Amino acid sequence: VLLPFPAEEIEEATETTKRDRSHLESTLKLNEDKPADDFSGVLQRLRKIYHSSIKPLEQSYRYNELRQHEITDGEITSKPMVLFLGPWSVGKSSMINYLLGLDDTPYQLYTGAEPTTSEFTVIMHGPKLRTIEGIVMAADSARSFSPLEKFGQNFLEKLIGIEVPHKLLERVTFVDTPGIIENRKQQERGYPFNDVCQWFIDRADLIFVVFDPTKLDVGLELEMLFRQLKGRESQIRIILNKADSLATQELMRVYGALFWSLAPLINVTEPPRVYVSSFWPHEYQPETHQDLFLKEEISLLEDLNQVIENRMENKIAFIRQHAIRVRIHALLVDRYLQTYKDKMTFFSDGELVFRDIVEDPDKFFIFKTILAKTNVSKFDLPNREAYKDFFGINPITSFKLLSQQCSYMGGCFLEKIEKAITRELPDLLGSLGLGKKPSILSCDVTGCGETPKNRYRKP
């Protein structure tokens with residue numbers, strides 16, 4: 001992953017004109033000495049809400065075994081994550097090198113025309129440059145990567161962390177992924193590639209899907225990737241890289257071909273934002289639309305900066321979305337269990353009774369009852385097939401009804417999670433948006449004198 005560059009080799013390298021980086025530094029505010037906002041008080045409150053109101057229900061109904069999504073304290077306190085996806089050799093690693101100014105330094109990411117990145121590379125902040133093995137990253141519970149252990153040792157050997165003392169990385173973490181190679185089977189990688197991608201997609205605040213003009217064909221692996229991105233459309237940004245390698249007319253054709261290829265894969269009314277530029281340190285090719293490319297690049301940097309500035313809002317919204325899914329799962333398991341108890345008689349075979357319910361939940365109005373009796377959207381209901389697998393390893397008799405999940409001191413699990421969804425998390429979010437302190441927290445802890453920029457409110 002790391003390409004060592006002895007000093008004498010750098011001096012001998014052929015000199016190419018490097019473009020000005022001042023717009024990078026000003027847009028991303030890299031020269032500002034202002035300390036980052038201290039949201040430790042808000043994070044403390046968020047962790048308390050999660051542990052007291054969401055996690056008990058999550059554990060009681062084994063939500064992690066349905067969604068394979070476990071939230072750790074490291075994840076709650078982690079920085080925003082920017083994920084780079086796309087075919088091989090489209091410029092993902094070059095783009096990270098460019099954003100961080102790593103070119104021609106001892107710690108630039110290795111790039112080349114052939115498939116070069118075979119690892120999932122996490123670029124994060126550290127006091128000095130160092131490389132961390134995936135096994136070490138997964139073992140450190142303070143980091144947000146410990147759940148990756150479940151993908152096995154083969155994968156951990158393909159995970160690497162690089163700490164770089166860079167100002168941008170104080171506020172964001174980059175993840176570079178292996179390029180998609182359409183003629184390679186999943187099993188050849190030696191680990192569940194799509195499952196690992198899904199893990200990072202679920203946690204990414206911004207997802208850059210990078211293409212170049214020569215790799216616009218959509219194969220099975222890319223199709224699968226876009227299927228995994230369903231529901232995350234607001235985080236996706238499409239990048240048509242190496243745009244200065246084409247003449248104007250050719251670029252227009254390629255831009256149209258890219259949309260034509262992606263249209264069947266992204267079923268949303270509003271197409272994702274596409275950035276057309278050339279993200280590397282060298283000057284744009286002469287006689288190309290240099291002004292347009294520079295404006296596109298600045299727009300992308302503003303997008304990135306917005307995600308950094310809205311990191312706390314996004315974190316609270318993410319935890320609330322997770323709580324909604326946990327609540328729906330608990331309601332469904334409760335409904336399956338209630339139906340099972342209603343159908344059981346003294347002479348019934350419990351296994352046969354429940355198999356009948358799992359095989360055809362519509363016959364027993366499992367999902368329709370949830371929609372009729374609770375304020376759950378039908379679009380948020382999980383896949384019915386997933387519950388066949390879920391109950392295959394979790395016998396229905398191992399669960400308690402929601403009405404029995406109450407205690408005199410602690411209250412009821414369902415009431416607590418509903419209170420978190422409807423009151424506590426929105427109040428915490430509102431306290432950030434209005435620049436006032438959350439309850440029981442002081443301004444000197446939360447930095448609530450600062451009002452974060454709201455990207456949904458026009459100036």
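1. Phe354 is buried, and so is Phe391 (buried: under 20% relative accessible area with a 1.4 Å probe, protein chains only). The model is predicted: local features need pLDDT of at least 70, side-chain atom pairs need 80 or more, and totals for chains, interfaces and linings use all residues. Numbering runs from 1 along each chain as its sequence is written, and side-chain values use heavy atoms, without hydrogens and water.

2. Tyr61 and Phe399 are buried too. Tyr61 counts as such at 0% relative accessibility. Phe399 does so at 6%.

3. Phe354 and Phe391 pair edge-to-face, 5.0 Å centre to centre and 85° between the planes (ring centres within 6.5 Å make a pair; planes over 60 degrees apart are edge-to-face, under 30 stacked, the rest tilted). Phe354 lies in helix H14 (residues 350-359) and Phe391 in helix H16, so the pair ties together parts 37 residues apart in sequence (helices are DSSP runs of H or I, at least four residues, numbered from the N terminus).

4. Both residues belong to one aromatic cluster, which also includes Tyr61, Tyr336, Phe367 and Phe399.

5. Helices H13 (residues 311-343) and H15 (residues 366-373) pack at about 120°, with axes 10 Å apart (axes are fitted to C-alpha atoms over the stretch in contact; angles run from 0 to 180 degrees between N-to-C directions).

Technical notes
Helices (H or I, at least four residues) and strands (E, at least two) are DSSP runs, numbered from the N terminus. Buried means under 20% relative accessible area, exposed over 50%, partly exposed in between (1.4 Å probe, protein chains only). Rings of Phe, Tyr and Trp (its six-membered ring) pair if their centres lie within 6.5 Å; planes under 30 degrees apart count as stacked, over 60 as edge-to-face and the rest as tilted.
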